[in-house]
Amino acid sequence: MDLLKQRIIEEGTVIGNDVVKVDMFLNHQIDVDLLCEIGKEFRKIFATSDINKIVTIEASGIGIACVAAQYFSVPVVFAKKGANRNVGDNIYKADVYSFTKGITTTIGISKDYIGPDDRILIIDDFMANGKAVHGLINIINQAGATLEGIGIVIEKGFQPGGDSLRSLGYRVESLAVIKAIDDGKVIFG
Ligand code: G4P
């Protein structure tokens, strides 16, 4: 998606050799017009998929998923973090290890909001090692729901998440794939 790539190049900042900060339009301040274009693009890509629900994970995924959902006319369900606390039995849970943060978080979705009749599109902002998406897939499987595809705004192609999911047979569509970060510059695949 050229518009998105242009925004990453013009406004994104590189931290170290593997983190791209896009706080000015995606992760802190949110450019809603851009999110609308992102939502339309996901709709176009998954036009032939029979999707009845979008699933994401808090926090940054929520805004993106909600704007995209308008173009699919479906509800959004987001996995809550911290589901290891006393939240009862009516919840599907999965542990997600974050390489970036070095911690494991338990995520959860209520059994009231996901079930065998659901045909799901996962949407998230970043794909790095893919652990968050693997956690969501775990929950979708527990619920007996069907995963139609995975839509990612920015995939870091030099980290293994996207390709490991593709090699497992999942449909992963990323609007911008960063192939490398070279001397502080983002190179797209
Ligand atoms: P993984 O799920 O793909 O394995 O990613 P990882 O644990 O390494 O990433 C942890 C958090 O950092 C995730 O957000 C992920 O979206 C984000 N992240 C990873 N790489 C980058 C990057 O290069 N730039 C930015 N801006 N974010 C990155 P999170 O902890 O779930 O945070 P949030 O959704 O609450 O904001």
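The shell around the ligand comprises 8 nonpolar, 6 polar and 7 charged residues, where Ala, Val, Leu, Ile, Met, Phe, Trp, Tyr, Cys and Pro count as nonpolar, Asp, Glu, Lys and Arg as charged, and the others, Gly among them, as polar. The model is predicted, with pLDDT of at least 70 needed for local features and 80 or more for side-chain atom pairs, whereas totals for chains, interfaces and linings use all residues. Residues are numbered from 1 along each chain, and side-chain values use heavy atoms, without hydrogens and water.

Of the 21 residues around the ligand, Val20, Ser60, Thr100, Lys101 and Gly130 come nearest; a residue is near a molecule if one of its heavy atoms lies within 4 Å of it. A polar side-chain atom of Ser60 is 2.7 Å from a ligand oxygen atom. For Asn129, a backbone N or O atom lies 2.9 Å from an oxygen atom of the ligand, and for Lys131 a backbone N or O atom also lies 2.9 Å from a ligand oxygen atom. The ligand taken alone exposes 720 Å², of which the protein buries 84% (Shrake-Rupley method, 1.4 Å probe).

Two or more residues of the shell around the ligand are given by each of strand E2 (19-21), strand E7 (119-127) and helix H5 (131-143). E7 gives the most, with 3 residues. Helices (H or I, at least four residues) and strands (E, at least two) are DSSP runs, numbered from the N terminus.

Ser110 lies in strand E6 (residues 103-110). The C-alpha atoms of Ser110 and Ile91 are separated by 4.2 Å, although the two residues are 19 residues apart along the chain.

Note on methods: A polar contact is a pair of N or O atoms within 3.5 Å; within protein, one must be able to donate a hydrogen and the other to accept it, and residues adjacent in sequence count only if both atoms are side-chain atoms.
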